[in-house]
Amino acid sequence: MKPFQYLRPSKLKAAIEMVSGDPQARYIAGGTNLIDLMKRGIVTPEKLVDINHLPLKKIEYKSGVLRIGALALNSEVAAHETVLQKHPLLAQALDSGASGQLRNMATVGGNILQKTRCTYFYDTALPCNKRDPESGCSALEGINRLHAIFGTETENPAKTCIAVHPSDMCVALSALDADVLLSGPGGERRMKIADLHRLSGDTPEVDTTLERGELITAVEIPDNAFARNSHYLKLRDRASYAFAIVSVAAALDIDNGKIRTARLAMGGVAHKPWRLIAAEKSLEGQPVTESSFRKAAEVAMVGARGFGQNDFKLKLAPNAIVQALLTAAGIE
Amino acid sequence: MKDEKIPAGEELVCGVENRFDEDRRYFLKQSVTIAGLAFAPASLISGEDNALPESFGDTENVKLSIAINGKKHQLNIDPRTTLLDLLREQLGLTGTKKGCDLGQCGACTVHINGQRTLSCLTFAVMQNGNKVTTIEGIGTPEKLHPLQAAFIRHDGFQCGYCTPGQIMSGVSCIREGNAGSEAEVRKYMSGNLCRCGAYPNIVNAILEVKNSGEKV
């Protein structure tokens, strides 16, 4: 591993200064993805800024908003009473990700910013547009069973990337319409989680819309009426400890047998957590029946395309949507 | 075990270094290596009078204060050292195993401040001020931890390589309240792989200890 300078600031401002002015500097929190990438020589920072001593660990609920500090551990959030009570969807998604050990290390901020697990991104012997821009995408004609079916269009095919974002937590946050709070050299700002991750487009090496040195400080989830009827369905090759082939976060606000509002997001299908706005809209005012859910799933699949080995996702994904909605509705 | 943090070390402050300083430090490090100290335990070369330069934010030599199995250590380490390598290579605690070294197999599981974690996926210097418990810290050959004894009774291993990680993870699984049923144990132990396939016996060992109500 390339040598690096290790820094341990205790103040947010100092941390931001250390990273924003130096393109070779990186933040490290849980380290569960970054250290892996450093060992493989994929990320080679010269300066590592350990942010674990910044005061960003708190989980608090105030006037209708749950605020989760960026350094709160995945395991802490998944077991937090307010999270379980108000946003069980988030707890379910977190509990379905990684392993007991990793959830004890990985932070909320790090979970959002983790890199894809596309095997070609990690295999430095093979081309990858995300790791090495314009070298090509090995997954296009290669092993792409786990790859994207949505949002893969690009004007320049030589720059394609069909990798998926691996987070479960972000799929739930997307369905819960969470805000991400940021602090950077230019001050503070907030954005919807949907605006934080990018589609690969012509620059697959850029995963997010964050600016250099910008740090996630917290995630905020506003109150909603979904706690009673939500479900996170994760389909994978093993019963536990595997990334999603397809996952669905489904949340329904049901009033008198009819759907008032719905939220749907998918994981394992795109370069970012994939919110299904059109399908959500199609459910509004509909009766809580399998046929409503089936129609929504059809709407959700518009524009999907497979790349060979992942063609099965074109059938699996709509079925997963229907199943997640049925479970959320308490039908089966 | 009640875990509380030992006082954290002072804040590391970034110092602007010029190329000359880095070169000089590299030269010093090389000199020490040539002198044959490279293979000495870090604890031997960490005293106040050592020849290695001390400075914060260094690329080669960072102070670490850490408690391992109840024993406090003051060390100077290369910041690239993972907690796993510190335990095995520098402190001689080889009970913790290196499997994949990429956070996928669970063989390196230890407890940090009472929580199970992967020692291969954290730099030791990031654990400054923390308490680490390894397999050596939970039982002895004379007085085995209840789960160690249960692994023997249930034949919870064949080659034994994953066993320390399985046991450290299993102890946490019980403490966390995630060992209520076979399905639950299988789910919450899924981060520990066993290539020999001793899973049914591992699950039985954990369930037996959990159901005995014995303190773990």
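Two strands pair if DSSP finds at least two bridges between them, and strands (E, at least two residues) and helices (H or I, at least four) are DSSP runs numbered from the N terminus. This is a predicted model, in which local features need pLDDT of at least 70, side-chain atom pairs count only at pLDDT 80 or more, and totals for chains, interfaces and linings use all residues. Residues are numbered from 1 along each chain as its sequence is written, and chains are lettered from A and ligands numbered from 1 in the order in which they are written.

Q: Which strands stand at the edges of the open sheet of chain B?
A: The sheet has five strands with mixed pairing, in the order S2-S1-S5-S3-S4. One side of each edge strand is left without a neighbour in the sheet, because each has a single partner strand; the two are S2 (71-77) and S4 (115-118).

Q: Which residue of S2(B) stands opposite B:Ile66?
A: Strand S1 (residues 62-68) of chain B runs antiparallel to S2(B), and seven bridges join them. Opposite B:Ile66, the residue in S2(B) is B:His73.

Q: How is H12(A) oriented to H13(A)?
A: The axes of H12 (residues 290-300) and H13 (residues 313-329) of chain A come within 9 Å and cross at roughly 140°, where axes are lines fitted to C-alpha atoms, for helices over the stretch in contact, and angles run from 0 to 180 degrees between N-to-C directions. Angles under 35 degrees count as roughly parallel, over 145 as roughly antiparallel, 65 to 115 as roughly perpendicular and the rest as oblique. H12(A) is therefore, relative to H13(A), oblique.
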